[in-house]
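Please examine the sequence and the model before reading the points below.

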Amino acid sequence: MKILSLESSCDETAAAVIEDGRKICSNVVNTQVAEHGLYGGVVPEIASRRHTENIVGVTEKALADAGVTLGDIDAVAVTAAPGLIGALLVGVSFAKGLSFAAGKPLIPVHHLRSHIAANYLAHPELEPPFLCLVVSGGHSHIVSVDGYTQFRILGRTRDDAAGEAFDKAARAMGLPYPGGVSLDQEAAKGDPKAFRLPKPHVEGCPLDMSFSGLKTAVVNLLHNAEQRGETVSIPDLCASYQNAVCHALVDRLMMAAEEGGYRTIVAAGGVSANSGLRALLDRECKRRHLRLFVPPLSLCGDNGAMVGSQAYYEALAGHFAGLDLNAAPSMAIDDEF
Ligand code: KG4
Ligand code: ZN
């Protein structure tokens, strides 16, 4: 089954052709990072406008790169939630138009399910059940992936997402957008033990996370140093902060793995590109003899290929939509369209 899949939930306009959920025939990503960088973050209205301008060209290129026409495609898939509503609506409206015009079934896909599915494209042997750390700009979840379309959230952030925590701290340190990537690069030059930062926990919910206190600690540390006329080593602060965020994530993930008897661990989402997180996951999984799968860096961020992978399994489960499909800015990963 060949699926044409579209992604426009944030600041990447992307399209791909995927065969049977596992084979990438084409994968085209047009990123708006440089333009949003001018404003220090994603400007939703600009994102929507760029998606509108780019989506036809990106889709045509995805079909051409795969050497197929719309007639060869078995279904059209699209990210329908969660994300920026104006951005999502561009992809959803376009996908509905294509589906109607070509007479092909329409498959709505949840963005976080797609991030998890990025791993199926890179690791043919990976199959549910497994335990997954889903860390993106908007979400931080510990998810039990019981089947390709069955999910249970075991832990979640109570405030900022991990990506947001990286981006906000980077901004406070004066690092360029996108903050997570800059912070990761600075951290590589610093000492993770240079600064003592709080170890946030949520009373009564050991698998839940909280990052706003950590971010505030960094902001306060910078302000206090400024008032005293002292300079702060940014690489050391980045390394210490990254270490604290990664431990908050991985310590809980390992606790969930132990409690649930999971043998396979997976990471997904934009933050799974973080080098500190990948190293810590590797170390802790090896120590416990757990199998670890992380997406290749090329599939960590938003792309159309991951949408096409998850869409295949949604199709097998009979999860199609009609032309009344709407986009939703928020939706739980265990909800159905
Ligand atoms: O999954 P994603 O591309 O978009 C959303 O669905 O949100 O994730 C974007 C997030 C941003 O917050 C970005 O700063 C973060 O992923 N990110 C990183 C790294 N690369 C991207 N955070 C830390 N280290 C990285 N290397
Ligand atoms: Zn994403």
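On a 1 Å grid over the protein atoms alone, a pocket is an open set of points with protein on both sides within 12 Å along at least five of seven lines. A molecule sits in a pocket if more than half of its atoms lie within 2 Å of its grid points. In these terms, ligand 1 sits in the largest pocket.

This is a predicted model, in which local features need pLDDT of at least 70, side-chain atom pairs count only at pLDDT 80 or more, and totals for chains, interfaces and linings use all residues. Residues are numbered from 1 along each chain as its sequence is written, chains are lettered from A and ligands numbered from 1 in the order in which they are written, and side-chain values use heavy atoms, with hydrogens and water left out.

**The shell around ligand 1**
- The elements that give two or more residues to this shell are α4 (111–122), α5 (162–172) and α6 (179–187); helices (H or I, at least four residues) are DSSP runs, numbered from the N terminus.
- Of the 18 residues around ligand 1 (a heavy atom within 4 Å), H115, G137, D167, D184 and N274 come nearest.
- Four residues of the shell are nonpolar, 11 are polar and three are charged, where Asp, Glu, Lys and Arg count as charged and Gly is among the polar residues.
- Domain 1 (2–116 + 301–316) and domain 2 (128–298) each supply at least three residues to the shell.

**Polar contacts and cover**
- A polar contact is a pair of N or O atoms within 3.5 Å.
- The side chains of D184 and N274 each place an N or O atom 2.9 Å from a nitrogen atom of ligand 1.
- The protein covers 84% of the 550 Å² of accessible area that ligand 1 has on its own (Shrake-Rupley method, 1.4 Å probe).

**Backbone features**
- Most residues other than glycine have a negative phi, and most peptide bonds are trans.
- The peptide bond from Y177 to P178 is cis, with omega near 0°, and P178 is in the loop between α5 and α6.
- D20, in the loop between β2 (12–19) and β3 (23–31), has a positive phi of about 50°.

Conventions: Polar contact = N/O pair within 3.5 Å; in protein donor to acceptor, adjacent residues only side chain to side chain. 1 Å grid on protein atoms, 1.4 Å probe; cavity = no way out; pocket = protein on both sides within 12 Å on 5 of 7 lines; lining within 4 Å. Domains from an automatic or database assignment.
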